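Please look over the sequence and the model shown here before reading on. The report that follows goes through the sheets, the helices and the cavity in turn.

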Amino acid sequence: MTSDARVPQTPVQQEPAQTAEIRAVADRPVDEGLDPALIDEARTRITDQVRTVPTTGDLLRSPDGAAVSFALEFMQHTGTFKARGALNFLRAHAEDGTLPSAGVTIASGGNAGVACAWAARQAGARATVFLPETAPAPKVSRLRSYGANVRLHGSEYAEAAAACADFAAESGALLSHAYDLPLIQAGAGTLVDEILTSRPDITAIAVSVGGGGLFAGVSAAARRRGLRVIAVEPEHCCALHAGIEAGVPVDVAVDSVAADSLGARRVSAAALQEAQLPHVSTVLVDDASILAARESLWAEHRLVVEHAAATALAGVMHEEALTGLTAEDRVCVVLCGANTDPSTLA
């Protein structure tokens, strides 16, 4: 799905609210994606507490001839874009008086859990993070370094998630999610205007997709600015692609070198809605391309990033990808995270 048409700046629908406190616009069509007004609100809330994303000049040319630059979002607090959404989520609930004394809880041993713990500390709130008992000790230690109460439950993520939901119901803690909440997605979308402030010549933004939180926010912000979006997934870790084929979010198998960050089994409804709008192109890449992109970022630019971040670049540089880019385009690739082991790079 590609289109060179600029998208009109019209009001649009966010995905249905998961809690009464999350503001939805229920009378709008449900097939128009995330409401960009939520991104404006997020920008007001979090600008003073997040790092403005640095951008580079044009460093590469895609096979289509487009100039390629990078947004260095891996320099964000906690090492990933997820700090934006987590902070927006907590500050919005604090403003609304719906942040309980029990604080916030989430099931995640990855970047989302770390971001939630950091954001809770920033907001002066408690964070209770559920992990499987098999969680690596360094992840547990990092969460505790942000002041989180870490609870280990079960041998798989699903068991930890169920325990987290039970804890929220029993304690009254605010239940968060890695990507499937409008406030989380809107926070991620705040990086688009930051990119355009430093690079007003950008015509397209490329992002990797797991559950779709980053993509949904970026897509909503980009279409309002008349930009195209390239959504890139590993070919065997592709909840968005499967959802597009099925017409609804569906469960998928996960098997990719980037699965530690992009291994969502089901894409969010908002991301699926955004992906079917005319300013979006979707691309699948194989693991070899992801590995090559990550190696090139290190070898040529001395940038150490997660496989998830390299996935976005792999999509833009793939010879056979139908990105819709031309030699007139300037595409900014969002390098979304750097929580990785540098020793795996040559």
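## The mixed sheet

Within this predicted model, Arg61 has Ala67, a residue of strand 2, as its bridge partner. Strand 2 covers residues 67-71 and pairs with strand 1 in the antiparallel sense over two bridges, where two strands count as paired if DSSP finds at least two bridges between them. Helices (H or I, at least four residues) and strands (E, at least two) are DSSP runs, numbered from the N terminus. Both strands belong to an open sheet of six strands, ordered 1-2-10-7-8-9, in which the pairing is mixed. Its edge strands, each of which pairs on one side only, are strand 1 (60-61) and strand 9 (280-285).

Helix 9 (residues 239-246) packs on this sheet and touches strand 8 (228-234) and strand 9, with its direction at about 105 degrees to that of strand 8. Contact here means heavy atoms within 4.5 Å, while axes are lines fitted to C-alpha atoms, for helices over the stretch in contact, and angles run from 0 to 180 degrees between N-to-C directions.

Residues are numbered from 1 along each chain as its sequence is written. Local features need pLDDT of at least 70 and side-chain atom pairs count only at pLDDT 80 or more, whereas totals for chains, interfaces and linings use all residues, and side-chain values use heavy atoms, with hydrogens and water left out.

Another open sheet is built from four strands in the order 5-4-3-6, and its pairing is parallel. The edge strands, pairing on one side only, are strand 5 (149-152) and strand 6 (174-175). Strand 3 and strand 4 (residues 127-131) run parallel and are joined by four bridges; in strand 4, Val129 is the bridge partner of Ile106. Helix 5 (residues 157-171) lies across strand 3, strand 4, strand 5 and strand 6, and runs at about 160 degrees to strand 3.

## Two crossing helices

The axes of helix 1 (residues 36-46) and helix 8 come within 9 Å and cross at roughly 105 degrees. The two helices are therefore roughly perpendicular to each other, a term used for angles of 65 to 115 degrees. Helix 1 makes the contact through Pro36, Ile39, Asp40 and Arg43, and helix 8 through Gly217, Ala220, Ala221, Arg223 and Arg224.

## The cavity

How many cavities of 30 Å³ or more does the structure hold? There is one, and the largest cavity has a volume of about 130 Å³. A cavity is a set of points on a 1 Å grid over the protein atoms alone where a 1.4 Å probe fits but cannot get out, and lining residues have an atom within 4 Å of a point. The lining has 19 residues, of which Lys82, Gly85, Ala86, Ala178 and Ile184 lie nearest the centre. Helix 2 gives the most to this lining, with five residues.

Key. On a 1 Å grid over the protein atoms alone, a cavity is a set of points where a 1.4 Å probe fits but cannot get out, and a pocket is an open set with protein on both sides within 12 Å along at least five of seven lines; lining residues have an atom within 4 Å of a point. Grid points are joined across faces, edges and corners, and a volume is the space filled by probe spheres set on the points. Angles under 35 degrees count as roughly parallel, over 145 as roughly antiparallel, 65 to 115 as roughly perpendicular and the rest as oblique.
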